Number of protein chains: 2
Amino acid sequence: MSTVTTVDPRDGRRRETGLKETGDAAVESAVALAAESAEWLSGLGRLGRAGLLDAIAASLESRRTDLVATADSETGLGVARLDHELTRAITQFRMFGDVLRDGGYLEAAIDHAAETPLGPAPDVRRMLVPLGPVVVFGAGNFPFAFSVAGGDTASALAAGDPVIVKAHPSHPLTSHASAEAIAAAVRGMHGPAGVPAIVYGQPAGLVAVRHPAVRAVALTGSIGAARAIQAAIDERDDPIPLYGELSSANPVVILPSAAAGRGEQIAEGLFASFTGSGGQLCTKPGLAFVPSSPDGDRLVEALQKRVASAGGAVLLNERIRDAYAEREAELRRAGVRVSARPEIAPASGFTVAPALLEIERSRLSAEIADECFGPLMIVVRYDGVPDLDAALAVVPPSLTGSIHSGPGDDEAIVRRLAGELAARSGRIVFNGYPTGVRVSWAQHHGGPWPSTNSLHTSVGATAIRRFLRPLAWQDAPEWILPEELRDDFSGIVRRVDGRLVPGRP
Amino acid sequence: MSTVTTVDPRDGRRRETGLKETGDAAVESAVALAAESAEWLSGLGRLGRAGLLDAIAASLESRRTDLVATADSETGLGVARLDHELTRAITQFRMFGDVLRDGGYLEAAIDHAAETPLGPAPDVRRMLVPLGPVVVFGAGNFPFAFSVAGGDTASALAAGDPVIVKAHPSHPLTSHASAEAIAAAVRGMHGPAGVPAIVYGQPAGLVAVRHPAVRAVALTGSIGAARAIQAAIDERDDPIPLYGELSSANPVVILPSAAAGRGEQIAEGLFASFTGSGGQLCTKPGLAFVPSSPDGDRLVEALQKRVASAGGAVLLNERIRDAYAEREAELRRAGVRVSARPEIAPASGFTVAPALLEIERSRLSAEIADECFGPLMIVVRYDGVPDLDAALAVVPPSLTGSIHSGPGDDEAIVRRLAGELAARSGRIVFNGYPTGVRVSWAQHHGGPWPSTNSLHTSVGATAIRRFLRPLAWQDAPEWILPEELRDDFSGIVRRVDGRLVPGRP
């Protein structure tokens, strides 16, 4: 069995972790053990699981210093960013605790027996129930918030689903420590061993996906990874959903009046947004549409100044570093010119130079508009609004679309462009930047293919819907119904005979 | 281009319809025309679309006599059943009108800008928006309620999605007349031509599925049809969801005390449920678990008596008739014995004899438990509860699972069996029969694979969720937001800063 190594991307040095890639038999028993925990998770009930999520949040908090240091040594993302990300992961567990206490996520509904235009109708009650074991693939670029202790895990556990996490090879020790933090919280509540299950190695992840007990898969990763997982799903007897968050160009449109009034400020915002975390965020702005005008020139000059004096960015691993270099070369071959790029002294790790590229709108193609993972942004110079319409049509659908406008920009044009961006993304941002995804009830993180393959979000309260299925009870005796569907229960919002009845906690 | 024929299943006679199979170019333009109607549908707004659905209901009602007669001549399902089914279809359009007026389906949520543990957070607002054009495959066994004017069409139009319907070959004239009834309502509201689009022929359906503008497919049909559609989806550049309602064994468990106390009544209920509509309902009980006891014997005898004196059942088409005969022969070869079967005089159409088969629990296999489309039910005789546990484990997951119990049956056993059925179905029915699916807010029609491939229902108010996607607006100016997301709007329920605020109409 292969051993699992970890690499510090700052110096490229590889060291042993003491962990081993999980063999097929071990995956089988890990999934089986996880599946058995479904009864415990379900037995906790809604409020008990809220307590579990709070305990996990507290357990992560108590290990903050170690977790952040471990993640920093494995990802090079920096202590400040990782500290913030851990807070985000903790916030997610707490938010799903609130979601459980609220109970609206159950979509509870009661239709009492009635005479209808179709004759006498039985009593029917519906709510969402746990889907079953979920395999979560950790993301490289978010060692906390989209990995072992990330939003997929938090929402699946909230739903009452056992979780099998596949550790990302860029941070196995962080993954291991995160799983241990969750397991400690489970032990503290006298829960079973094997919650969460964790497996190491790509083959182990695919074995888990093929396991008959598994009911869904969540991935934040590349389209290539999604295809490999889908191929494993296709080998199963039964199809199961893959919720993939995959690739995103995140266009930002700057209208003339915005460029005129806030050019310097926008340059600063764009620079921070495309270079933060080494440009390795799924919401990184990959394309900025800037008017071909003196105001646009000034905006681009301000961007160039910042990029030219920027330091190197440490990327997560060798593969990403190589892909970044390759993609940049590809773009240059396709006729995209380098607008600014600092000289970075050669370093032993996976350090690269951020890059600002530039192209005329008329030369933009879907291939050029495609995502480049890393600190690279392409400025697309446009002449007028018809030019912009044509440009947006070749940008692949994305997680986000942003638009900057000023008092001099026609509202009808803003409305039309917002409509075009809305048709091709999951979140439209006004006078802001796509990075920094708020974790909240109203958030949506998911756009049309290729940004995701799903009609669901992976961030925010409604992410829980992915891991639930509806179940209806017809003419069920009161004592067999879940508490939330009994007539005398009033703790959560329910739809009773078609009318919404708010909960009275 | 091939002409489209129709067959009266009572006499097997084939006649021309005057319709033609839709050629590839015609499909392309039908989909393009349908896609263009998205703007009109969206422009109607929520309440305007509710009016459209009411107008469609009225249009169908005004053509009731013709529609029912046409459907009867094409399906042989009988005027009474078809009249009831048309009422159901009309009810569905009216129900989705109510869903639109209620507005809760939008899942509207507002998180105002705030200071959070993660720093200052932007204003984020979310609601569901139309997904885009939907291809609906009409079902053979429900010429109204699951076809051109069925629940998929009603929920897609309610969502604001253009619909392209693929007519089922068993009832092209009914499909054509249904599409015309909908189109008339659209014309009455000054809507565009091509709503709904309708195509004829299996190749045309698959061309529509491959069209880049199409965003989802809905099917009530066989697993084979689902595989063919999925293969067409796999040829697309982008994956789109297929919502399939496919195959279902619908086990009914009769516990000893129920058999003792209500044996005769249960026999009557089961007989009506498995022979109604020629046994061609997706919720037909295919398996009845009856105790091996004198009470069980009496129940089976009562069933036998009814079946032995039953008349022939007219099946929808030649393929179904042949498959029915083949499946019955297969079951007999597998050792299932004929318990009762009337002699039916040879007829020229697709008439078959209903069949009651019987087998011991110990000989039940997954192959035997699989769905048989048509008026056939297998009685499985069991000895005790452990015997039942083993039996339920081999039954394929289904749309429904039913359980009959009496005062003498242990509540703990009912609870455990209900749990087993719940794990393997989408609706559990107590002391009733699975057929006759109530159309209402709390209904769920969808179980684990192979009964469906989806976590969504195709019957009831929440079916609309299949045809919507979430969209978030970040820091959007008030004037660009949809009405339902503006601060001063109060007409529908919304989640504001995490708290549910009921609508004040």
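**Figure 1. The contact between chain A and chain B in the predicted model.** In this predicted model, 59 residues of chain A are in contact with 59 residues of chain B; two residues are in contact if their C-beta atoms, placed from the backbone, lie within 7 Å. On the side of chain A that touches chain B, at least two residues each come from α3 (79-102), β3 (109-111), β6 (124-130), α13 (411-423), β20 (425-430) and β21 (468-474) of chain A. Helices (H or I, at least four residues) and strands (E, at least two) are DSSP runs, numbered from the N terminus. The largest share of this side, six residues, is supplied by β21(A). By class, the side of chain A that touches chain B holds 31 nonpolar, 15 polar and 13 charged residues. Here Ala, Val, Leu, Ile, Met, Phe, Trp, Tyr, Cys and Pro count as nonpolar, Asp, Glu, Lys and Arg as charged, and the others, Gly among them, as polar.

Residues are numbered from 1 along each chain as its sequence is written, while chains are lettered from A and ligands numbered from 1 in the order in which they are written. Because this is a predicted model, local features need pLDDT of at least 70 and side-chain atom pairs count only at pLDDT 80 or more, whereas totals for chains, interfaces and linings use all residues.

**Figure 2. Strand pairing between β21(A) and β20(B).** Strand β21(A) pairs with β20 (residues 425-430) of chain B in the parallel sense, over three bridges; two strands pair if DSSP finds at least two bridges between them. Within this pairing, A:Trp473 stands opposite B:Ile428.

**Figure 3. Helix α11 of chain B and its two sides.** The 16 residues of α11(B), residues 318-333, should span 22 Å at 1.5 Å a residue, and the end C-alpha atoms are 23 Å apart, which agrees. The expected span is 1.5 Å times one less than the number of residues. B:Ile320, B:Arg321, B:Tyr324, B:Glu328 and B:Leu331 are buried. They cover an arc of only 105° around the axis, so they lie on the same side of α11(B); the arc is that of the directions from the helix axis to the C-beta atoms. On the other side, B:Glu326, B:Ala329 and B:Arg333 are exposed. A residue is buried if 20 or more other C-beta atoms lie within 10 Å of its own, exposed if 12 or fewer, and partly exposed in between. The cover over the buried residues includes β16 (351-352), β17 (355-360), α12 (366-369) and β18 (376-382) of chain B.

**Figure 4. Two cis peptide bonds.** Most peptide bonds are trans. A cis bond, however, joins A:Val195 and A:Pro196, with omega about -5°. A:Pro196 is found in the loop between α5 (172-188) and β9 of chain A. In chain B, a cis bond joins B:Trp449 and B:Pro450, with omega about 10°, and B:Pro450 lies in the loop between β20 and β21 (468-474) of chain B.

**Figure 5. Positive phi at A:Glu107 and A:Asp475.** Most residues other than glycine have a negative phi. A:Glu107, in the loop between α3 and β3 of chain A, has a phi near 50°. This residue counts as buried because 20 C-beta neighbours lie inside 10 Å. Phi of A:Asp475 is near 50°; A:Asp475 lies in the loop between β21 and β22 (494-496) of chain A. With 15 other C-beta atoms within 10 Å, A:Asp475 is partly exposed.
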